[in-house]
Amino acid sequence: MSILRRRKGPEPPPPEKTHENEIEDDKKKNTSTSTDESTKKRGGRFSCVDNCCWFIGCVCSIWWLLLFSYNAMPASFPQYVTEAITGPLPDPPGLKLHKEGLIAKHPVVFVPGIVTGGLELWEGKSCADGLFRKRLWGGTFGEVYKRPLCWVEHMSLNNETGLDPDGIRVRPVTGLVAADYFAPGYFVWAVLIANLARIGYEEKTMYMAAYDWRISFQNTEVRDQTLSRIKSNIEVMVATNGGKKVVVIPHSMGVLYFLHFMKWVEAPAPMGGGGGPDWCANHIKAVMNIGGPFLGVPKAVSGLFSSEAKDVAVARAIAPGVLDKDLFRLQTLQHVMRMTRTWDSTMSMIPKGGDTIWGGLDWSPEEGYVCNLKKRKSNSSQVVDQNGTVAEGCTTKKAHYGRMVSFGKDVADAHPSAIERIDFRDAFKGHNLANSTCDDVWTEYHDMGFAGIKAVADYKVYTAGSIIDLLHFVAPKMMKRGDAHFSHGIAENLDDPLYDHYKYWSNPLETKLPNAPDMEIFSMYGVGIPTERSYVYKLTPTSECYIPFQIDTSAESGKEEEGSCLKGGVYTADGDETVPVLSAGYMCAKGWRGKTRFNPSGIKTYNREYDHAPPSNLLEGRGTQSGAHVDIMGNFALIEDVIRVAAGATGEELGGDQVHSDIFKWSEKIKLKL
């Protein structure tokens, strides 16, 4: 069958495009193009969402994988990694001493300091609904961010009585958990407690003497009967441990609180605890004070005067106005000042002893101190007795530490004869600054007026002796409460019945140590960290609801003043970053050393200093050789000293004094009748 192929004819020519056809084709192209573009856009948007989901999924998967691995790995693995990087870690003090055969012997009492003890809500205003028995201080501080003004209201005390405001009850947390951690991961007493547990201590042989650190020492007894509870708990611990006396370990302001307790427990009722003159001798083996501000701290002055310290002043310099202005309706520093000025306990840390202790316009005990830490490196392991000194100190331009507050760097440096001062004490407080916009953030500065503020600045320079008058002038209501509970002078005659009043009991210069010749007192503190000693101030530009004074962060040491330790308006001296060596060490170095009028029974005293060494890497956390005010609670050498004394050792068996600073040399410059 033949296949016939038909030859294709020539293709017909395309039809001629008319104008109407061209328009129709253009419409089709435009429609197709817009459809493609919209498809691409939709595809791009969906792709971005997909990428985000994938990213979140990957992060979550990695997190859960790491969490699973952490829980599945052997408990020793993190330590293995750390040792592989940093080398073998030393045994914790408790384990080390347990291997040496030390066991628990004397019951231990912890006395926390200011801010480190937890506070919880028992009754509050409507803004605090849902917070019953939740921590307002310590813990996560979550409520600070959620309702800051409500938190400030509940943390403040009554401005007239120094006790609870109407309708509010905030009380201290009890037990060891009250101050083991200040916030999650930030230890206070936890490391010391854990190491004591390694040699056999448990909750029945350890007691946290928690108290409300905001109120005056005597008012802790009036409101909460805290002093009575401490007395009874110590008596029970001694009775249930075979008559073994307690070792008391106060920290920071807790040092002053326990000093008050030792006088209270001896004093007859109703002002005291009625324990009699031998109570301390019968119940206390040793008092091991950590970071004790025996003679106060200059930091308290700047805090009460302008709600500042060195770190706050730096923050104000970096971000001018942020802490002063109405930020989200929260004038930060003003609210902080209003709150802290109701805390009577802060007045216990105002410097004591006036110019006799802290120096005057033309002298200070630390005269010649050089801030450069390198000069002391060669002395870092040196131990001296009470008659020795560690470093002779380098000659440098004199820093006038005795001028605790100076208005202007030129005033801080000037010769005393060149300073012209106008007395502020009787100055007229005119032209009230307060107005309706300041009602919710009122501070006593609003009653001073421009004339009063100018009078304060015109006096130019304040020593420790005139600081008390300054605070009376700028904050009379606060100081009226403070005068009822604290004193900051030096007693002429300690046998005068005047000093039987509780307002003198926390001042070591106006009270006697108990009649307990077998008791020992240790002063244990860090050294080698620049610590606030005096300040250069300036006037703040006027504005509504403002604090009229602030640290002058522009004041710095010049090249010709190398070693004068002025930085950011703050003169620093040796200390633990909060408490200067002078305050922490003088009483045990000289004021109580041997039989003095402040220590008539001759209680043995020891200075134990711990030279600061920061952690060498992040894996060390806050360090095991830190001398910082709070971090020293994790210092292995200090913990070992505490455990040895708790296990029965004496101060002599520890090696007596351990000193790295010039505390003995500085103490000799203080001409105090002993």
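Predicted model: local features only at pLDDT ≥ 70, side-chain atom pairs only at ≥ 80, totals over all residues.
Me: In what order do the 3 strands of the open sheet come?

Reply: Read across, the order is E3-E2-E4, with antiparallel pairing. E3 (135-137) and E4 are the edge strands, each pairing on one side only. From one strand to the next, the twist averages 45°.

Me: And which helix lies across E2, E3 and E4?

Reply: That's helix H5 (residues 148-155), which runs at about 80° to E3.

Me: Let's pick a residue in E4. Is Val-170 buried or exposed?

Reply: Val-170 sits in strand E4 (residues 169-172). The cut-off for buried is under 20% relative accessible area. Val-170 has 1% relative accessibility, so it counts as buried. Leaving out residues up to four places away in sequence, its contacts include Leu-119, Leu-121, Leu-136, His-154 and Arg-223. Trp-122 is 48 residues away along the chain, yet the C-alpha atoms of Val-170 and Trp-122 are separated by 5.8 Å.

Me: Now helices. How do I read the way H8 and H9 cross?

Reply: Two packed helices are described by the angle between their axes and the distance between the axes. For H8 (residues 226-239) and H9 (residues 253-266), the axes come within 11 Å and cross at roughly 75°. That angle is why H8 is called roughly perpendicular to H9.

Me: Which residues in H8 meet H9?

Reply: On the H8 side you have Thr-226, Leu-227, Ser-228, Ile-230, Lys-231 and Ile-234; on the H9 side, Tyr-257, His-260, Phe-261, Trp-264 and Val-265. By type, the contact divides into 7 nonpolar, 3 polar and 1 charged.

Me: What does Phe-261 touch, neighbours within four places in sequence aside?

Reply: Leu-227, Ile-230, Lys-231, Ile-234 and Trp-279. Phe-261 also turns up in the largest nonpolar core, which has 172 residues: along with Phe-110, Trp-189, Val-456 and Val-474, it touches the most other members. H9 gives the most to this core, with 10 residues. Another core, of 5 residues, lies apart from it, with Val-411 and Ile-419 among them.

Note on methods: Residues numbered from 1 in each chain as written. Heavy atoms only, no water. Axes fitted to C-alpha atoms, helices over the stretch in contact; angles between N-to-C directions. Helix = DSSP H or I, 4+ residues; strand = E, 2+ residues; numbered from the N terminus. Parallel < 35°, antiparallel > 145°, perpendicular 65-115°, else oblique. Contact = heavy atoms within 4.5 Å. Nonpolar A, V, L, I, M, F, W, Y, C, P; charged D, E, K, R; others polar. Buried < 20%, exposed > 50% of the residue type's maximum accessible area, 1.4 Å probe, protein only. Core = buried A, V, L, I, M, F, W, Y, C linked by side-chain atoms within 4.5 Å. Pairing = 2+ DSSP bridges.
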